[in-house]
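This report describes the metal sites of one model and the strands around them. The sequence and structure come first.

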Amino acid sequence: RATRGGEEVRGYVPSMGQIFMRRFQMVTQFRQSLEDGQVSVHYQPKVSLPNRHVQGVEALVRWQHPEFGKLDPDEFVPAVEAAGLIGVLTSFVLEQALRRVRKWLDEGLRISAAVNLSVRNLADAEFPAKVSAALGRFDVPPELLTFELTESGVMSDPQRALPILRELHALGIVLAVDDFGTGYSSLAYLRQLPVDQVKIDKSFVLGMGTDLGDLAVVRSIVELGHSLGLTVVAEGVEEDIARDQLEAMGCDVAQGYLISRPLSEERLEAWLQARTAR
Ligand code: C2E
Ligand code: CA
Ligand code: CA
Ligand code: CA
């Protein structure tokens with residue numbers, strides 16, 4: 001961590017006060033940084049197995065901070081959440097993603113976009129109406145939008161989250177459980193959630209080549225997911241062998257550095273062109 005962010009020097013460990021100040025700055029500057037164009041959305045392609053068609057992209061937020069350098073979402077999303085600004089962040093990412101999908105539709109391409117939600121988005125009773133309005137504004141069919149939620153997120157306040165999830169699902173939006181396998185009550189509650197997809201956590205996918213335990217977890221999530229009628233997505237696919245194993249197990253979709261790293265808009269367009277030209 002100490003080497004991240006342009007200003008910091010290797011081996012330099014910030015004090016608690018400095019960490020606090022940095023978080024405070026991030027939070028107070030966040031809205032302005034959106035307007036200033038410091039925050040952008042990168043996209044990581046996902047391909048269907050076994051045909052390897054580009055099925056969708058996951059939108060991943062980035063912040064090029066003038067003082068702290070390039071910030072990863074793990075460094076600022078929690079601070080933005082805690083400050084009550086997640087609605088602002090999610091709307092920004094959603095708009096960017098829907099604009100992309102619209103552009104592709106205009107070019108005759110059907111590629112879906114997945115947006116990560118925070119549990120706090122599900123505490124906003126107006127959220128489904130806002131999403132519905134955004135879909136209408138860009139004239140994007142709801143099935144080309146996926147929301148990814150972590151199981152811990154949903155289960156921290158199911159009473160509140162469930163009605164919102166049901167509304168989103170009723171709109172026709174695809175719902176995915178992210179980081180699947182890392183929580184506690186995975187199997188029992190999955191049936192009760194209005195979800196269409198499970199994303200196997202990358203820790204298992206990264207480990208499956210060397211760890212039989214991880215391989216067994218991946219295999220059982222694929223089986224469980226399919227027996228519940230869900231689409232199964234594997235993230236963290238870095239090696240050919242992992243993709244081949246996933247394909248053999250019948251996993252539906254693969255995402256990871258093997259296929260592509262998350263890319264800026266421009267680089268994604270070039271990547272898509274190179275791919276469809278083949
Ligand atoms: P996530 O949703 O689990 O996203 C997947 C993360 O794994 C991304 O990190 C991605 O760059 C990384 N990744 C993709 N393929 C591979 C691979 O093959 N190997 C390895 N080792 N890693 C891979 P990133 O972009 O740093 O995002 C981290 C987390 O930040 C995300 O985890 C998500 O929870 C959160 N996040 C990102 N964008 C947003 C956003 O717009 N809103 C919210 N609420 N959270 C976001
Ligand atoms: Ca995700
Ligand atoms: Ca994940
Ligand atoms: Ca994660």
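## First calcium site

Along the chain, the donors of the calcium ion (ligand 2) follow the spacing E-x57-N-x31-E-x29-D. The protein donors of this ion are Glu58 (OE), Asn116 (OD1), Glu148 (OE) and Asp178 (OD), which lie 2.1 to 2.3 Å from it. Donors are N, O and S atoms within 2.8 Å of the metal (3.2 Å for Na, K and Ca); water is not among the atoms, so sites may look incomplete. Distant parts of the chain are linked here: Asn116 belongs to strand 4 (residues 112–116) and Asp178 to strand 6 (residues 174–180), 62 residues apart. Helices (H or I, at least four residues) and strands (E, at least two) are DSSP runs, numbered from the N terminus.

Asn116 has 28% relative accessibility and counts as partly exposed, whereas Asp178, at 7%, counts as buried. Buried means under 20% relative accessible area, exposed over 50%, and partly exposed in between (1.4 Å probe, protein chains only).

## Basis of the model

The model is predicted: local features need pLDDT of at least 70, side-chain atom pairs count only at pLDDT 80 or more, and totals for chains, interfaces and linings use all residues. Residues are numbered from 1 along each chain as its sequence is written, chains are lettered from A and ligands numbered from 1 in the order in which they are written, and side-chain values use heavy atoms, with hydrogens and water left out.

Asp179 in strand 6 and Glu235, in the loop between strand 8 (231–234) and helix 10 (240–249), are 56 residues apart and link distant parts of the chain. Asp179 is partly exposed, with a relative accessible area of 25%; Glu235 is buried at 7% relative accessibility.

The two calcium ions, ligand 2 and ligand 3, are 4.1 Å apart, and Asp178 coordinates both.

## Strand 6 and its partners

Six of the seven residues of strand 6 are buried, so this strand is largely enclosed by the rest of the structure. Strand 5 (residues 145–150) runs parallel to strand 6 and is joined to it by five bridges. Within this pairing, Phe147 stands opposite Leu175 of strand 6. Two strands pair if DSSP finds at least two bridges between them.

Strand 7 (residues 197–200) also pairs with strand 6 in the parallel sense, over three bridges. Val198 in strand 7 is the bridge partner of Val177.
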